[in-house]
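Please view the sequence and the structure first, and then read the points below.

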Amino acid sequence: MKTRKWPNFLFKQGGMYPYYESDWSVLPPEANRRFNPAFNMATIKQVVNEAIERVRMPTPMRLRDLIRQIRAARTAAEERSVVNKECAYIRSTFREEDSVWRNIAKLLYIQMLGYPAHFGQLECLKLIASSRFTDKRIGYLGAMLLLDERQDVHLLITNCLKNDLNSTTQFIVGLALCTLGAIASPEMARDLAGEVERLMKSPNAYIRKKASLCAFRIIKRVPDLMEIFLPATRSLLSEKNHGVLITGVTLITEMCENSPDTLEHFKRIVPNLVRILKNLILAGYSPEHDVSGVSDPFLQVKILKLLRVLGVNDVEASEAMNDILAQVATNTETSKNVGNTILYETVLSIMDIKSEGGLRVLAVNILGRFLLNNDKNIRYVALNTLLKTVHVDTSAVQRHRSTILECLKDPDISIRKRAMELSFALVNSQNITAMMKELLVFLEKSDAEFKAHCSSSIVLSAERYAPDKRWHLDTLLNVLVASGNYMRDDVISSTIQLISESVEQQGYVTAKLYRALAEDLHDRQPLTQVAVWAIGEFGDSLVQDVVDGIEPPNVDDVIELYQKLLWSTQNSVITKQYTLMSLTKLSTRFNNTSKIQQIISSFCSSLHIELQQRGVEYSQLFGKYSHLRPALLERMPQMEANRQTDYQSNGDVSDNEVSPQRTANSESVTLLDLLGGPDDNADLDIIMQPKSQPTSNGNNQDLLDLLGLNPLPAPLADADNNVDRILDNNINNLMPEINTRNSNFLNDGLFGDEGTINETDVPELTAYDKNGLTVMFSLVRLPNSDNMTINVTSTNHTQMEITDFLLQVAVPRTFQLQVLSPSGTTMQPNGKVTQVLKIVNTSRNLLKMKVRLSYTSEGSSIQDQVDVNHFPPDIWD
């Protein structure tokens, strides 16, 4: 019998169906369907449709291909087109379970470019719930990038995190800890803090390290949870694993910075930290921890920072770490940046703690070596650190003055700026002459952005430490010439004021200003304004006196110079106003007035209304009002000094030496004697002698006006005040001298018949003490009075400058509150700002107060609010 050859579809994998029967009904279903015409047509149509859909749909793109395609885009529009097309494809393929993690990876890259990718949040949650590690890894990464505590979706992840924190796989536990530290909200942190604390005691070093880092992030978010981690944190310092040890040190540092109680608790670990740091220094070569020949520099830097935090304002702790800091400073290699990093952190620690004098000199010398480094970043760090620490040991920094001055010639603009600021911080009465020569050269060659600040600082330094009046005037003249138009208005006014009070030098300085103006008529508005003011006041001596062997100019040359100034298009309207006024005054100093009258009359038709008004008014003085001209245009009276009297010595050897420019007039000295002298540390006993004649109760208001303060409202006035009327003297320049804590008694109506009030008897309380900022209240109240004065002293104990400082106060409605202006808004390291609060309590209720503070430090804005409810209950008795 002839056998039949069967088609291939009848053969199944792993064997063959021995079909020899002629009955097709016995065939298996998969073979028998091929012979059903209706069924075959439906299958063919489905296959064809699926093939067409696959052709229409774009081919799945790998992440590397997407990155390559986006980088190849030539325009932003082309890039957006690629991203939008891929986002549309990702949305359509999220229903395919197998490709979710690949699409999330591409979505994360798109989100990193700044495009919206929020539609992938729920898909990240699906991946986190997966049992596969690859899915969890992408899911947790997506959660960290796409979720935050502001979105409700992140709450759905809490249960998954708790399950994964109990996983037996260390890497899954690590993923959960990283995610918790990145996106934990306060509620989530409170729910899972116990799990994190348990993992900090895990026998696995990898998990302990991750748990410590997670605890660090939780404490930054929720400081109240700090106590939960304290027991587990203490054991971290006994770790042998450097990874766990460095995370433990970081966690302890954060705790100590946030809580004064925790800081006191951890001060007992200083010997342990010293021992660990000593072992690192003396340890031999370890390939696992060696970085450029230094054993684990990262751990050394963290330990040094923690020692600095623990040693601030603590003599005992500082003594325990002095030796190890000296060893680190002398044994660390400086040929590479790794060693320089450790030395920099060592310097910061030495300057912040209560270290020995020799150790501070060693730290300053290290910074001096940094200034000689070829790396400009190291030089900038050295200058910046010296600027912050110059007040700690000025004499040690003075030894590197020549190196600092060399940095003024550095091509890097940031280094020049820091060197300029540090140079002014080093100026004192001994080096004023040499320093001013270098700084004037720098001012002349510096960029425009430096000139305003540099010129103003030179003027202030010369005002503080000038050896004599002539040198002071010559310096100001050089500043006017070198700075051009880049000068602040206060420099012009202070220069004019100095010329006015320097009677013996007026002829000399007028001649010098005239020569500088005649030799160079370029666009120098400040020089022109000062020069024409001086010539207008002392023009008679200009054309008569011989100065430095040079013949004086004649009247016609002076008038011709004025004519050039008035018709110059480079001079501003304000400068021409100065010149026109000065020329009018010269009409009473010179005999020839016809030319002057002609020039002034030409401005009667000026296009500028101010110049036209002056031209018309001044012209009247040459007509029917000519008899009034000599009296109206006589010399101005001598101006009173308006200079600060509280100056730092900046390394002067003698604490008692006083520059001639620092001597106030007799009325100022009398007031300082009344206040107890310039010694800030002396007890301030304010005693007022009875008046020989009665005065009205408005004297207190006159004194407030004299101090530049707002007048008190009527309820705060004391009818029994007997204050001597102080002569009309600008007392604002004395404010830095008397603006110390409890020094605002001048405003408080304390000069009555009550007699003497001793500063040591004034009750004080701490209203705020956090993050290195302290606010102290000094309470002053007269007996049998409803009025109370609170002298507020805010002190910056940090090493950073505090700017934009603002203190706001609120009291219950039963009280009347007046907040006077503060002494400033900027606090240097260890600097202070004072302010006065006036309170009236007619109902004699217990005082409660809300205080809000806002300031800027290290570029970040900080705002805080506290309740001050611990005022003495008997303050109103």
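**Briefing on the model**

Met41, Ile44 and Val48 make a nonpolar surface patch of about 280 Å². Patches are made of residues with over 30% relative accessible area and no salt bridge, where like charges are joined within 9 Å and nonpolar side chains (Val, Leu, Ile, Met, Phe, Trp, Tyr) within 5 Å. Accessible areas come from the Shrake-Rupley method with a 1.4 Å probe, and for residues only the protein chains shown count as cover. This is a predicted model, in which local features need pLDDT of at least 70 and side-chain atom pairs count only at pLDDT 80 or more, while totals for chains, interfaces and linings use all residues. Residues are numbered from 1 along each chain as its sequence is written, and side-chain values use heavy atoms, with hydrogens and water left out.

**Overall composition**

- The protein contains 37 helices and 12 strands, where helices (H or I, at least four residues) and strands (E, at least two) are DSSP runs numbered from the N terminus.
- Of its 877 residues, 48% count as buried; buried means under 20% relative accessible area, exposed over 50%, and partly exposed in between (1.4 Å probe, protein chains only).
- The accessible surface of the protein comes to about 44800 Å², and 50% of this belongs to carbon and sulfur atoms.
- Among contacts (heavy atoms within 4.5 Å) between residues at least 6 apart in sequence, 67% join residues at least 24 apart.

**Surface patches**

- Met41, a member of the nonpolar patch, is placed in helix 2 (residues 37–56). Met41 is partly exposed because its relative accessible area is 48%.
- Glu316, Glu319, Asp323 and Glu356 form a negative surface patch. Lys and Arg count as positive and Asp and Glu as negative, while His and the chain ends are not counted. The place of a charge is taken as NZ of Lys, CZ of Arg, CG of Asp or CD of Glu.
- Glu316 belongs to helix 17 (residues 315–331), and its relative accessibility of 67% is why Glu316 counts as exposed.

**Salt bridges**

- A search of the whole structure finds 22 salt bridges, each defined as a side-chain nitrogen of Lys or Arg within 4 Å of a carboxyl oxygen of Asp or Glu.
- Arg379 and Asp410 form a salt bridge through their side chains (2.8 Å, N to O). This pair links distant parts of the chain, with Arg379 in helix 20 (residues 376–389) and Asp410, 31 residues apart from it, in the loop between helix 22 (401–406) and helix 23 (413–426). Both residues, Arg379 and Asp410, are buried.
- In helix 23, Glu421 and Arg418 lie three residues apart, about one turn of the helix, and their side chains meet in a salt bridge (3.0 Å, N to O). Arg418 counts as buried because its relative accessibility is 19%.
- Glu264, Lys267 and Asp314 are linked in a network of salt bridges.

**Packing between helices**

- The buried residues of helix 12 are Met226, Phe229, Leu230, Ala232 and Thr233. These residues pack against helix 10 (186–199), helix 11 (205–221), helix 13 and helix 14 (260–266).
- Gln577, in helix 31 (residues 573–589), counts as buried at 16% relative accessibility. Leaving aside neighbours within four places in sequence, Gln577 is in contact with Glu610, Leu611 and Arg614.
- Two of these partners, Glu610 and Arg614, meet in a salt bridge (2.8 Å, N to O). Glu610 and Arg614 are separated by about one helical turn because they are four residues apart in helix 33 (residues 609–620). Glu610 is partly exposed at 36%, and Arg614 is partly exposed at 22% relative accessibility.

**Loops and backbone**

- Most residues other than glycine have a negative phi.
- Asn771 is not a glycine, yet its phi is positive, near 55°. Asn771 lies in the loop between strand 5 (764–770) and strand 6 (773–781).
- Asn830 likewise has a positive phi of about 65° without being a glycine, and is placed in the loop between strand 9 (816–819) and strand 10 (832–840).
- Lys240, in the loop between helix 12 (226–234) and helix 13 (242–258), is exposed, with a relative accessible area of 75%.
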